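Let's take a walk through this one together. Have the sequence and the 3D view open, and follow along as we go from one spot to the next.

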Amino acid sequence: MTQQIERDTLNSVRPHLPYTELSGFEVLTDDERAIQQAMHAFARDVMRPTGIAIDKLTAEQAIAPSSPYWEFMATAAASGIEFDTADDDVAPQAMARLQSIVIEEFGWGDIGLTVSLAAASFPNMMAKRIGNQELVELTAGKIGAWVATQPDRGSDGTMLYPGERHAKAATGNKGNLTARIAGGDIVINGQSSAWVSNGAVAQVAILTIVADYGDGFFDVDGHPHGVEVIVPLDLPGVTHGKPLEKLGQRSLPQGELFFDNVKVPVRYAISLGDEYWHGHASTWSTAGVAMGQMITGLARAALEHAVAYTHERSQGGALLAEHQMVQSRLGAMARKVETMRALARRAAEYTLLSPAKHPYYTGSTKVTCTDLGFEVADEALQLFGGYGLTREYPMEKLFRDARAARIEDGENHLLNMKFGYLTSMMYRSARHGA
Ligand SMILES: Cc1cc2nc3c(=O)[nH]c(=O)nc-3n(C[C@H](O)[C@H](O)[C@H](O)COP(=O)(O)OP(=O)(O)OC[C@H]3O[C@@H](n4cnc5c(N)ncnc54)[C@H](O)[C@@H]3O)c2cc1C
């Protein structure tokens, strides 16, 4: 029967198979393809085996000196792999495509390690973005993290507008990690959530936290003041918590960070005062783009595993792939991967080119991509039947990894709600302006 399929496919009177790249139905330039293939080799030979190995370790073992995590980070650094999209020699549109192509390959290899690499580069990337040479040097070559969420301040930290608060809340939520700004210093006290990516291993971090500039933590609307500040994590008063045990993306070391009267100069701020909420919005929309790209890679990996398995396993007297219902399910999965890729690219291009980007838009594309990615991983596992649940096969890890992405970088229902809020604000603004 397989031979029959091949004969039909190759028969010259039938339409040819379409041209595709590793990343589906598109035509890359020669340069793009060369980069894609180099990154694919790295993802296949280094990231995927490392991610699988770390997944089997406890959280403590995963960051112990003997963990393959350290060799991976060293290899990535030696290979010059970083997430920065600022390059004066490459036009923004070309950069958006390149970024999408590269991060998709990394997500295909291992999404947990991809997030770790992205978080590691983030403080340095933001220091370059604001052109602060002192901070560029301070963050270069160090493992970074982005500290925003706290035990009592999860989704609340992403409320950019006072009107998003519940009617009964007189003020926003100041959380458990705050700064006081006075006399040229920023003094930080409290703790992050246990979710901070690279929290267990980071050497430097960007903190996005509520701040008191001398007149309290809130403005007249009850909205918090804030600061985005880069903090070296070897300063007195900083301690790392235990690495977090969790369901998915186990190759990403997460954990709490504690700050006890940690002092940095005001010039370490990325945004402060009246610039804070604009700065936060910009940082978040820049960071948010990568999730869509990496989950596209994960979903493509799940689809590839499912296609291969359905060409090995026979039931009902034929290969699974020869049953029309299975073909329909594979078609639905492939369609979703194409949709994810197209949307992730659009979000990357918009965020790099737009004179006024917005994290609620970027967040909405993250919701679509991670919800679809989870559906693809779920269906791929289902096509493996009972084998999909076992640790011998790749599907259960991809399923767990995809599940985490629906909470990571903003919980999906909340991000969806925010896109609705933005849509309403744009309508009201247009009506008001008309
Ligand atoms: C893999 C991973 C990596 C992460 N990396 C980082 C990182 O690098 N740095 C960092 O700071 N954080 C990080 N996080 C934390 C992540 O951003 C938060 O988990 C997320 O923002 C949700 O916050 P929460 O977990 O406190 O949930 P909560 O905000 O408590 O939400 C719980 C539930 O309540 C609902 N809910 C909350 N608020 C409302 C509301 N106003 N109206 C209606 N429903 C509501 C939500 O939809 C959700 O279902 C990471 C998380 C994961 C899973």
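Glutamate 104 sits in helix H5, which covers residues 92-109. Keep in mind as you look at it that this is a predicted model. Is glutamate 104 buried or exposed? Its relative accessibility is 2%, and buried means under 20%, so glutamate 104 counts as buried. Its side chain has a partner there: glutamate 104 and arginine 300 are joined, side chain to side chain, by a polar contact of 2.9 Å.

Now move along to helix H10, residues 359-383. How many of the residues of H10 are buried? The count is 19 of the 25, so the rest of the structure largely encloses this helix. Just past H10, look for glycine 385, which takes a positive phi of about 60°.

Follow serine 364 across to phenylalanine 419: the two are 55 residues apart in sequence, yet their C-alpha atoms are 6.0 Å apart in space.

Where does it lie? Domain 2 (144-275) and domain 3 (278-433) both contribute residues to the shell around the ligand, so the ligand lies between these two domains. The shell is made up of 20 residues, and the closest are Trp146, Ala148, Thr149, Ser155 and Glu411. By type, the shell splits into nine nonpolar, eight polar and three charged residues. Strand S1 (144-147) and helix H12 (412-433) each provide at least two of the shell residues, and H12 gives the largest share, with three.

Zoom in on some of the atoms facing the ligand. A backbone N or O atom of tryptophan 146 is 2.7 Å from a ligand nitrogen. Serine 155 places a polar side-chain atom 2.6 Å from an oxygen atom of the ligand. Glutamate 411 has a side-chain N or O atom 2.5 Å from an oxygen atom of the ligand. How much of the ligand does the protein bury? On its own the ligand exposes 970 Å², and the protein buries 68% of that.

Note on methods
Residues numbered from 1 in each chain as written. Predicted model: local features only at pLDDT ≥ 70, side-chain atom pairs only at ≥ 80, totals over all residues. Heavy atoms only, no water. Near = heavy atom within 4 Å. Polar contact = N/O pair within 3.5 Å; in protein donor to acceptor, adjacent residues only side chain to side chain. Areas by Shrake-Rupley, 256 points an atom, 1.4 Å probe, with all protein chains shown as cover. Helix = DSSP H or I, 4+ residues; strand = E, 2+ residues; numbered from the N terminus. Nonpolar A, V, L, I, M, F, W, Y, C, P; charged D, E, K, R; others polar. Domains from an automatic or database assignment. Expected span 1.5 Å × (residues − 1). Buried < 20%, exposed > 50% of the residue type's maximum accessible area, 1.4 Å probe, protein only.
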